[in-house]
Amino acid sequence: MTGNQTNGHNVNGKYAVITGATSGIGLAAARALAARGANLGLVARNAAKANEVAAKLRASYGYRITVDVFIADMSSQRSIRRAAQEMYAQCPKIDILINNAGAMFVDHKLTEDGLEMTWAVNHIAPFLLTTLLLDKLTLSDDARIITTSSHGHKMARKGIGFDDLSGKRWFGFWGKMKGGPNFRYGETKLANILFTAELANRLQNTNIAAYCFDPGLVATNFNRDNGWMARMTTAVMMRFARTPEKGAETLVWLAGADRAHLESGGYYADKQAGTLSAQASNMEAAKKLWEVSEVQICASQA
Ligand SMILES: NC(=O)c1ccc[n+]([C@@H]2O[C@H](COP(=O)([O-])OP(=O)(O)OC[C@H]3O[C@@H](n4cnc5c(N)ncnc54)[C@H](OP(=O)(O)O)[C@@H]3O)[C@@H](O)[C@H]2O)c1
């Protein structure tokens with residue numbers, strides 16, 4: 001592999017759609033991709049933040065790239081569908097889709113589609129956005145879908161709780177006492193890996209590859225809105241965390257590395273194949289997850 005390929009320099013001239021680029025790993029990735037000549041579509045819920053990021057990127061790199069902003073709240077299927085429609089109308093092509101936005105909720109909240117929040121934002125949103133954009137990605141000669149997963153998927157030791165997709169068991173008094181919301185988060189990051197594996201299966205013999213990755217423990221704004229306890233724990237953990245730029249390295253590498261050296265459906269960490277839990281290699285669960293996710297995205301279609 002050449003230096004350019006390992007550093008993801010061959011994203012030059014590609015169009016990358018990225019969610020969660022207003023903060024942390026996504027923001028660092030957007031900067032790195034822009035510096036390497038990628039045109040960007042930033043998908044964000046907060047227009048002011050997104051426009052500020054876009055303006056800074058244009059000021060630095062606008063002489064060679066375009067930066068578009070699409071507004072979507074990843075907890076709302078209607079909002080995701082609207083943004084996808086705008087992308088079809090506005091983007092000449094999409095080469096790279098980066099499903100990076102993510103969050104963890106410590107209370108059992110439901111979205112307008114009736115899904116539990118952590119599940120909806122971390123798994124259903126990437127599932128829906130990806131399936132909506134597939135036709136557009138088909139037009140690229142080297143399309144990639146990259147999803148930000150986590151080593152935290154190993155917390156889901158029993159796999160996806162298909163009999164309790166709303167995750168209620170994690171949020172009751174005893175569930176919370178045992179750290180339930182963290183396990184729920186782990187379940188969604190496991191879902192990212194199973195989704196990627198099944199997506200790659202379904203995209204065999206196409207121009208579209210799917211990858212997911214673990215950024216490591218990264219100092220970002222993650223888990224800062226969950227009260228003083230979460231803020232304190234996160235502040236302690238962040239002392240051991242890497243920078244967002246370091247956390248984004250594998251993502252940027254997957255966006256641009258020679259695909260002959262990558263395995264579609266694969267899980268990566270530190271620019272190499274990562275270690276999966278047993279549950280993350282369960283292709284039966286991956287197929288089942290796809291089927292139940294299809295049912296869960298029907299709600300907003302009516
Ligand atoms: N930090 C870590 O140690 C770590 C480790 C492993 C995996 N990850 C994963 O890395 C990804 C990025 O997280 P981060 O650490 O960079 O955290 P972050 O700094 O909190 O960034 C999260 C991004 O997601 C966006 N987002 C959250 N909820 C959204 C929603 N409902 N609609 C639209 N956008 C939404 C945020 O937008 P706003 O700016 O509007 O809030 C922000 O841009 C997540 O998928 C996370 O699970 C993080």
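How many nonpolar, polar and charged residues does the shell around the ligand have? The shell has 11 nonpolar, 13 polar and four charged residues. Here Ala, Val, Leu, Ile, Met, Phe, Trp, Tyr, Cys and Pro count as nonpolar, Asp, Glu, Lys and Arg as charged, and the others, Gly among them, as polar.

## About the model

The model is predicted: local features need pLDDT of at least 70, side-chain atom pairs count only at pLDDT 80 or more, and totals for chains, interfaces and linings use all residues. Residues are numbered from 1 along each chain as its sequence is written, and side-chain values use heavy atoms, without hydrogens and water.

## The ligand site

There are 28 residues around the ligand (a heavy atom within 4 Å). Thr22, Ser23, Lys49, Tyr185 and Thr220 come nearest. Helix 2 (24-35) and helix 7 (180-202) each supply at least two residues of the shell. Helices are DSSP runs (H or I, at least four residues), numbered from the N terminus.

Some polar contacts stand out (N or O atoms paired within 3.5 Å). A polar side-chain atom of Arg45 lies 2.8 Å from a ligand oxygen atom. An N or O atom in the side chain of Asp73 is 3.0 Å from a ligand nitrogen atom. Phe222 places a backbone N or O atom 3.3 Å from a ligand oxygen atom. On its own, the ligand has 890 Å² of accessible area (Shrake-Rupley, 1.4 Å probe). The protein covers 93% of that area.

## Helix 7 against helix 11

Helix 7 and helix 11 pack at about 85 degrees, with axes 8 Å apart. Axes are lines fitted to C-alpha atoms over the stretch in contact, and angles run from 0 to 180 degrees between N-to-C directions. The two helices are therefore roughly perpendicular (65 to 115 degrees). Contact means heavy atoms within 4.5 Å. Among the residues in contact are Leu194 and Phe195 of helix 7 and Leu289 and Trp290 of helix 11. By class, this contact has 10 nonpolar, one polar and three charged residues.

## Helix 5 against helix 11

Helix 5 (residues 117-137) packs with helix 11 (residues 283-296) at about 85 degrees. Their axes are 10 Å apart.

Technical notes. Polar contact = N/O pair within 3.5 Å; in protein donor to acceptor, adjacent residues only side chain to side chain. Parallel < 35°, antiparallel > 145°, perpendicular 65-115°, else oblique.
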